[in-house]
Amino acid sequence: LFTCAAGLFLACANLFFRDVKYLVQVFMTFGIFLTPVFYEPSLLGERGARLLMLNPIAVLLEALRVAVIDGHNLLLPLVGAGPPGASETILWAPWYLGYATLWAVGGLAVSLLFFRRLSYLFAEYI
């Protein structure tokens, strides 16, 4: 749902603003550093891990890693060791899934509204 919402919104924006395709390429290139692909969120400490989990894609990738690699039940919180010399870090909380779902459903609703309101102008801009 999140990908569909982003694609629908960006496709409409690209029709009216031709530079959107270049901005999407730049954001996709640097966006990989805002998701836990190359590193685990626990390496950033508790505050850094929570900030990283504000990204809904990071939540989905971390859920996949925790469920498949660690074999953890996503409905239970997961606490682990943080960086050396720091206290324990919350690695996973069940409400992260609700947060990502809220972004996906809300984003799809906004994208559909945007698409419906501007669809009568599509033929003029093509």
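1. A residue is called buried when its relative accessible area is under 20%, exposed when that area is over 50%, and partly exposed in between. Gly7 has a relative accessibility of 38%, and therefore counts as partly exposed. Gly7 belongs to helix 1, which covers residues 2-16.

2. The structure under review is a predicted model. The average pLDDT of the protein is 88, and 95% of the residues reach a score of at least 70. Confidence is highest in helix 5, with a mean of 94, and lowest in strand 2 (residues 89-92), with a mean of 79. Where pLDDT is low, the predicted coordinates should not be read in detail.

3. Ser111 is part of helix 5, which spans residues 95-118. Its relative accessible area is 3%, so Ser111 is classed as buried. Leaving aside residues up to four places away in sequence, Ser111 is in contact with Ala5, Leu8 and Phe9.

4. Gly7 and Ser111 stand 104 residues apart along the chain, yet their C-alpha atoms are separated by 8.8 Å. The student may compare the two classes: Gly7 is partly exposed, whereas Ser111 is buried.

5. Val26, Phe30, Ile32, Phe33, Val37, Phe38 and Leu61 together make a nonpolar surface patch of about 680 Å². One of these residues, Val37, is located in the loop that runs between helix 2 (20-31) and helix 3 (45-52). Val37 has a relative accessible area of 46% and is therefore partly exposed.

Key: Residues are numbered from 1 along each chain as its sequence is written. This is a predicted model: local features need pLDDT of at least 70, side-chain atom pairs count only at pLDDT 80 or more; totals for chains, interfaces and linings use all residues. Side-chain values use heavy atoms; hydrogens and water are left out. Patches are made of residues with over 30% relative accessible area and no salt bridge: like charges are joined within 9 Å, nonpolar side chains (Val, Leu, Ile, Met, Phe, Trp, Tyr) within 5 Å. Accessible areas come from the Shrake-Rupley method with a 1.4 Å probe; for residues, only the protein chains shown count as cover. A salt bridge is a side-chain nitrogen of Lys or Arg within 4 Å of a carboxyl oxygen of Asp or Glu. Helices (H or I, at least four residues) and strands (E, at least two) are DSSP runs, numbered from the N terminus. Buried means under 20% relative accessible area, exposed over 50%, partly exposed in between (1.4 Å probe, protein chains only). Contact means heavy atoms within 4.5 Å. pLDDT is the predictor's confidence in each residue, from 0 to 100.
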